[in-house]
Amino acid sequence: AEFLRAQPNVTHVYSLSDIMKRLNRNMHADDASYYRIPDDRALSAQYLLLYELSLPYGLDLNDRINIDKSATRITATMTRATTAETKAFFADAKQWQKENWPTYMHSDPTSAAVMFTYVSERNMQNMVAGTILAIVAISIIMMFALQSVRLGLLSLVPNGLPILTTFGTWALLDGEVGFTVATVATISHGIIVDYTVHFLSKFVRARDEQGLNVEDSIRYAFRNVGVAIVVNTIILTAGFLVMTTSAFKMNVDLGLMTVLAIGFALVLDFLFLPSLLLLGKRDGSAKPVVEGEHIVWHPMTVSFRGPRASETDNDPNPFLDYRLQVTFTGPSGQTYNVPGYFAADGDAANTSATSGSTWRAHVSPDHVGKWTYNVSFREGPSVAISDDPDAGTAVAPVDGLQGTFEIVAVSY
């Protein structure tokens with residue numbers, strides 16, 4: 001009992017030895033020098049019998065001592081302690097038993113606090129590990145869904161960082177990251193991933209199907225899902241804030257931490273995720289690719305990455321509702337207005353592909369020197385058979401592209 005009272009987190013200790021000491025003192029006119037265990041075992045037995053007979057009807061010492069009086073219980077009341085502090089206290093008590101008691105007297109602590117100390121720790125460890133595994137698994141799934149290993153790996157950041165940021169902020173505000181943390185990670189993770197999936201899916205659609213560059217693809221994602229994500233955040237925040245009115249602290253913590261996680265997810269997806277996309281952007285995603293031998297009269301091919309389409313599409317029809325015109329200008333000022341065409345994935349002869357985002361035009365230069373080209377790419381109903389050069393709308397970023405290439409004489 002004295003060891004327990006000396007521990008920093010213990011506020012009260014209740015043991016049978018304290019009862020016997022108090023009885024011994026009372027039976028000696030409250031003389032403080034008798035506040036000790038009686039030296040005579042028979043006298044101790046008489047004190048114990050006297051105490052049991054003096055208890056009110058219905059009460060006994062079964063909560064302190066077992067039926068055959070071979071074992072007794074010591075109860076220590078602790079202040080609010082962390083899991084680590086509680087486990088350290090248990091370890092110190094066990095070590096004290098080894099040093100001061102014979103082996104047959106050793107025992108383990110029991111109580112709801114002991115149970116929740118280990119249950120909470122195990123539950124938190126498993127949930128955090130499960131959340132990490134879920135983030136990695138979702139990243140792998142997104143690699144296949146978005147058909148991009150880079151975007152799948154990049155999704156690890158906006159999917160995992162909001163939870164880590166929430167943990168760090170809560171540790172600064174409250175100073176304690178406990179059982180509620182594991183629950184928040186599980187609940188908020190689905191919402192966080194939802195934001196990332198919607199943003200990246202719209203980004204990929206704009207980049208691959210509409211042929212937009214990275215900046216325009218990010219703008220497209222904001223236009224299509226930005227408002228929806230903000231509205232969803234407001235609704236969910238308002239809903240979880242209701243939990244902060246609860247009288248149960250765990251509910252209050254759960255509500256506040258979930259609100260933090262959702263808020264951080266919004267900020268990171270709107271500010272950090274676009275920055276990551278721009279950091280690894282491919283500046284030449286829409287840059288024409290000029291292929292050929294660069295020899296006079298030999299065919300040259302200029303390929304563009306434009307809107308993604310399929311040969312079976314009807315709205316828009318890649319052969320009727322798009323018009324690609326490339327104007328080639330030779331070193332002598334001669335010009336050739338060459339119509340372009342939809343080329344599926346750019347290698348359909350080998351892959352038999354019927355869809356893709358490659359558009360091409362061919363020319364056979366008739367003079368040696370520097371050639372330039374200017375691109376007009378329009379989209380609209382039946383624009384391919386229209387004589388109006390301004391029919392339809394310009395297809396960004398291909399429309400207006402310019403470039404040069406050099407042609408040399410035939411070498412024998």
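The model is predicted, so local features need pLDDT of at least 70 and side-chain atom pairs count only at pLDDT 80 or more, whereas totals for chains, interfaces and linings use all residues. Residues are numbered from 1 along each chain as its sequence is written, and side-chain values use heavy atoms, without hydrogens and water.

L200 belongs to the largest nonpolar core, which has 32 residues; L151, F199, L200, F203 and L277 touch the most other members. Such a core is a set of buried Ala, Val, Leu, Ile, Met, Phe, Trp, Tyr and Cys residues joined through side-chain atoms within 4.5 Å. Buried means under 20% relative accessible area, exposed over 50%, and partly exposed in between, with a 1.4 Å probe and protein chains only. Two or more residues each come from α6 (149–154), α7 (156–174), α8 (179–209), α9 (214–241) and α10 (249–279). Helices are DSSP runs of H or I of at least four residues, and strands are runs of E of at least two, numbered from the N terminus. The largest share, 10 residues, is given by α10. Another core, of 25 residues, lies apart from this one and includes M300, A353, W371 and F405.

A134 lies in helix α5 (residues 112–145) and is partly exposed, because its relative accessible area is 28%. A409 follows β11 (402–407) and touches I295, V296 and V368, again not counting residues up to four places away in sequence.

Technical notes: Contact means heavy atoms within 4.5 Å.
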